[in-house]
Amino acid sequence: MSAKRTAIFNQGRGKQHGAVLMIMLVILVLGVAAALISSLSTTALKNARQKTTSDALVQAKYALIGRAVNDSNMPGSLPCPDTNNDGSADLLSGNNCPSYIGRLPWKTLGLPDLRDGSGERLWYALSPAFRDDNSAQPLNSNTKGTLLVYTADGVSLQTQADYSAVAVIFSPGSPIGIQTRSTVAQQNSAANYLDIANSLNNASASGPFIAGDQSTTFNDQFLYITTKDLIPLVEQRVAGEVKRALTVYYTANGYYPWADNILWGVDNYQANVGELRGWLPNNASAGGAPDWGVAKPPQWFFDNQWYAVIYYSVATKYTQNPGGSNNTLSVDGANGVRTLFFMPGTPVDPQQRISTSDVGTLSNYLEDSENNDNNDDLYVTPTSQAADRDRLYWLSSTSVWNQ
């Protein structure tokens, strides 16, 4: 072969090798791109599912809180879980829910058919102390949740009673392990939806519950409601009823009721003549003053003993026997206040409201008791900004309610 032909041949082989390398490079790039796209698609799908789950849990939590706050017969109470997957809360069996764990009763709550990222309906556990039945009364600021919740490490337990949950809402995720969801019976069994981690079983109606790490053996997610989430909002509704009652009572009588003195062990919440500060009386009649009459708060207010947690004070000038005095109450240095009351929030450590002596100790209700429990007419607004702090409501000289 001539040198010229050899050169042409080698040149052709070089071009072929270059083309092969180019093709291989294109294939490699396409493969990497496909893998990247697949990875991005998987991540995007996972994120989308997680957002669906998170949104559903949040919506369920606030629907439950809204239901509790606005309940017409027992504010603060919650419906029974749904154990037959029809979307409606189970009816009471005697004085109790048939089960304290089941699906979220989305129809009862006025919600759409909420699903988590795996397409499953949410589950729900309820503390019996917050069931919607008269046997659970009194339900007020002293009522605590009974459901304990562990963090993912299985060690950090929320031990303080005021942190115990009122309710827990679960996203069960897709089936894992031996979970089977084919038959109706299987679909109504919590064990086929809720998982076990660190020897704690989320399918147990009474808990404790655990937020385990996501794995092939555990995929539950949940949100929970504590008294700190719930009670302050219920208290705002109660405060509205108290303001209305005091306003109507004064309009009807020309003065406000006397208070009930705070004496542990003997409290009957009956108004005491001449008492300017103490518990809000459940019976306002004293010394010729009438009972609440047309000003009477709703019956649930009395059934749940809200009067027993409300600290109340009235200015001498606005009592049944003003005695010609111009004395009024003072809030933060501003005089002219006619009457006021405190909603106590949930117990804050080291406050206790269990024993008789606890109940009769004002410092177990007011964080600023050193300023508001000194038997004078000088009061201050609470300094704490916590959601469950005690809150002061006061009526100015111009009959305008503050707070």
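Rings of Phe, Tyr and Trp (its six-membered ring) pair if their centres lie within 6.5 Å; planes under 30 degrees apart count as stacked, over 60 as edge-to-face and the rest as tilted. This is a predicted model, in which local features need pLDDT of at least 70 and side-chain atom pairs count only at pLDDT 80 or more, while totals for chains, interfaces and linings use all residues. Residues are numbered from 1 along each chain as its sequence is written, and side-chain values use heavy atoms, with hydrogens and water left out.

**Exercise 1. State which residues the ring pairs link into a cluster, and classify the pair of Phe170 and Phe222.**

Solution. 
- Step 1: The structure holds 18 aromatic pairs.
- Step 2: The ring centres of Phe170 and Phe222 are 5.5 Å apart and the planes stand at 75°, so this pair is edge-to-face.
- Step 3: Phe170 belongs to strand 4 (residues 165-171) and Phe222 to strand 8 (residues 221-226), so the pair ties together parts that are 52 residues apart in sequence. Strands (E, at least two residues) and helices (H or I, at least four) are DSSP runs, numbered from the N terminus.
- Step 4: The cluster linked by ring pairs consists of Phe170, Phe209, Phe222 and Tyr224.

**Exercise 2. Decide whether Phe170 and Phe222 are buried or exposed.**

Solution. 
- Step 1: Buried means under 20% relative accessible area, exposed over 50%, and partly exposed in between (1.4 Å probe, protein chains only).
- Step 2: Phe170 has a relative accessible area of 0% and is buried.
- Step 3: Phe222 has a relative accessible area of 14% and is buried.

**Exercise 3. Identify which rings Arg103 and Lys296 lie over.**

Solution. 
- Step 1: A charge sits over a ring if NZ of Lys or CZ of Arg is within 6 Å of the ring centre and within 35 degrees of the ring normal.
- Step 2: Arg103 places its charged end over the ring of Tyr193, 4.8 Å from the centre.
- Step 3: Lys296 lies over the face of Phe302, at 5.3 Å from the ring centre.
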